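Here are my notes on the two-chain model you sent. Please read them with the structure open beside you.

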Amino acid sequence: MIEVRGLIKNYGALRVLRGIDLKVQQGEFLTLVGGNGAGKTTLLRIVATLLNPTAGHVAVGGWPLPQFADRVRRHIGLVSHNALLYGDLTAGENLDFFARLYGLQEREARVTEALQTVGLLARQRDAVRTFSRGMTQRLTIARATLHEPDVLLLDEPYTGLDQEATRLLDDLLRREQVRGRTILMITHDLRHGFHLSDRIAILSRGVLVADVERETMSAGDFLNFYDEVTTGRVAA
Amino acid sequence: MTNKESLLTPPVTTSHSRSQPSARSRAYLGTLAAIVWKEVRVERHTRRTLSVMLVFSLAAVVVFNFALELELDAARRVSSGLLWIVILLASTLGLNRSLAAEQEARSIDALLIAPVDRSALYLGKVISVLLFVLLLEAILLPLFIAFFNKPYWRPQVILIIILGTIGYIAAGVLVASMSIQTRTRDVLLPVLLLPLSLPAVLSAATAVSAFMGPELPTWSEVQAPIALVIAFDILMLTAGLFTYHYVVEE
């Protein structure tokens with residue numbers, strides 16, 4: 001579903017991604033981890049059509065980017081640590097606005113259903129700026145999945161969430177996984193990333209240094225492996 | 001759910017996206033309506049843009065009026081210029097307020113990953129800011145009539161003001177979308193926008209002044225400035241429609 005080959009991204013003279021090769025199969029949940037400045041967000045924003053690659057091949061559903069960005073956009077949903085919502089609008093108005101942008105039919109029913117799914121139906125008339133971080137993040141999931149995208153892109157979705165909100169977000173993501181969405185998540189939370197995903201890849205200084213099937217390793221072993229790979233104590 | 005095509009349909013031809021022109025027009029108009037609807041709702045909840053523009057404009061009109069009170073004839077002579085100064089500065093404030101909020105919350109990213117034409121995002125923003133500024137002008141004009149006793153009620157005057165405002169906002173949304181991405185956005189917007197729109201604004205002010213006398217001017221007297229204002233409108237709208245995606249995308 002997502003194919004990245006030899007991806008290079010420069011910001012001026014700075015090379016942020018140095019030849020990334022990555023594939024995410026349809027319905028697969030891949031978590032990408034790595035330190036600050038590893039290039040995770042840049043990679044995700046390229047797949048999200050928000051940035052253009054400097055060189056290399058990126059395709060979603062077989063459609064090369066950025067040439068077919070218009071085609072791909074209808075099929076991707078983005079959850080970021082920024083809510084990408086309008087704080088001054090109510091929860092219902094936010095979803096209604098995005099339903100209009102995506103040209104969804106039966107908007108009212110779809111918005112109600114989405115709010116119900118994330119447990120915010122009772123707060124639909126409240127301004128988003130009055131929401132807690134956890135509630136905002138749930139609404140963000142509702143916004144990102146309103147148009148039933150095939151691919152869900154998650155950029156640090158757990159940032160600033162407490163235990164309860166984290167558990168609720170876990171449930172929502174598992175539900176999206178069961179629905180067959182292809183999910184690419186970047187996170188600093190190694191344990192969460194490991195437990196939720198089918199595969200976990202490690203990005204370090206713009207290079208993909210490891211790509212691990214979850215079933216082949218325990219969480220503890222993975223944490224040790226991550227330390228070894230990112231500190232360069234062993235060759236990847 | 002919308003009738004969306006499967007993502008996995010292979011990209012062997014480009015015919016996939018050649019939907020019927022009427023469907024594309026409907027989608028375009030739908031995006032425009034959505035953007036305007038959103039801006040109006042946000043304004044209805046916050047009064048963030050209109051209130052600032054209105055307070056600034058009223059303060060400016062009162063200050064100008066009292067500052068020029070001793071020279072009433074002079075005030076009448078320059079009232080058209082004063083009107084444009086107030087409109088331009090208030091519009092600049094409105095543009096900054098309207099675009100800054102979207103940039104700060106990064107909600108612009110949610111718009112950019114939506115499958116919508118970038119020119120519709122531009123046009124939607126122009127229409128919504130234009131609505132707010134026209135509303136402001138509807139309040140300002142009676143005040144100018146009252147304070148300066150000039151015929152700002154004339155339909156020709158109103159039309160010239162609307163034409164001048166369209167060009168200024170069309171240029172303003174484009175420039176503000178660029179300046180908003182910089183740290184010096186509050187300063188950069190007027191510094192770039194005012195010189196850019198100077199020819200059109202001067203022409204609009206000249207045309208409005210021509211209608212301030214007891215006699216209506218002949219068409220040949222106002223033809224040149226009005227033509228320049230219209231040309232500026234067309235130029236700025238066209239530039240915005242065709243270049244906005246370069247401004248907001250990488």
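1. In which loop of chain A is Pro66(A) found? Pro66(A) sits in the loop between β5 (63-65) and α2 (69-73) of chain A. The peptide bond that joins Leu65(A) to Pro66(A) is cis, with omega at about 5°. Helices here are DSSP runs of H or I with at least four residues, strands are runs of E with at least two, and both are numbered from the N terminus.

2. Some ground rules. This is a predicted model, in which local features need pLDDT of at least 70 and side-chain atom pairs count only at pLDDT 80 or more, while totals for chains, interfaces and linings use all residues. Residues are numbered from 1 along each chain as its sequence is written, and chains are lettered from A and ligands numbered from 1 in the order in which they are written.

3. On confidence, the model scores ipTM 0.85 and pTM 0.87. Chain B has an average pLDDT (the predictor's confidence in each residue, from 0 to 100) of 86, and 90% of its residues score at least 70. Over residues 13-17 of chain B, pLDDT stays under 50. Where pLDDT is low, the predicted coordinates should not be read in detail.

4. Chain B contains eight helices and zero strands. Its C-alpha atoms fill a box of roughly 75 × 40 × 30 Å along the principal axes. Of the 250 residues in chain B, 42% are buried; a residue is buried if 20 or more other C-beta atoms, placed from the backbone, lie within 10 Å of its own, exposed if 12 or fewer, and partly exposed in between.

5. Within chain B, helix α2 (residues 48-67) packs against helix α5 (residues 118-148) at an angle of about 20°, with the axes 10 Å apart. Axes are lines fitted to C-alpha atoms, for helices over the stretch in contact, and angles run from 0 to 180 degrees between N-to-C directions. α2(B) and α5(B) are therefore roughly parallel (under 35 degrees; over 145 is roughly antiparallel, 65 to 115 roughly perpendicular, the rest oblique). The residues of this contact divide into 11 nonpolar, three polar and no charged. Nonpolar means Ala, Val, Leu, Ile, Met, Phe, Trp, Tyr, Cys and Pro; charged means Asp, Glu, Lys and Arg; the others, Gly among them, are polar.

6. Between the chains, the contact takes 35 residues from chain A and 29 residues from chain B; two residues are in contact if their C-beta atoms, placed from the backbone, lie within 7 Å. On the chain B side, α1(B) gives the most, with nine residues. That side divides into 15 nonpolar, eight polar and six charged residues.

7. One helix pair spans the two chains: the axes of α3 (residues 91-101) of chain A and α1 (residues 21-46) of chain B come within 8 Å and cross at roughly 160°. That angle makes α3(A) roughly antiparallel to α1(B). Among the residues that meet are Phe97(A) and Arg100(A) from α3(A), and Ala34(B) and Lys38(B) from α1(B). By class, this contact has three nonpolar, two polar and four charged residues.

8. Two backbone angles deserve a look. Glu156(A) has a positive phi of about 50° although it is not a glycine, and Glu156(A) counts as partly exposed because it has 18 C-beta neighbours inside 10 Å. Asn149(B), also not a glycine, has a positive phi of about 55°. With 12 other C-beta atoms within 10 Å, Asn149(B) is exposed.
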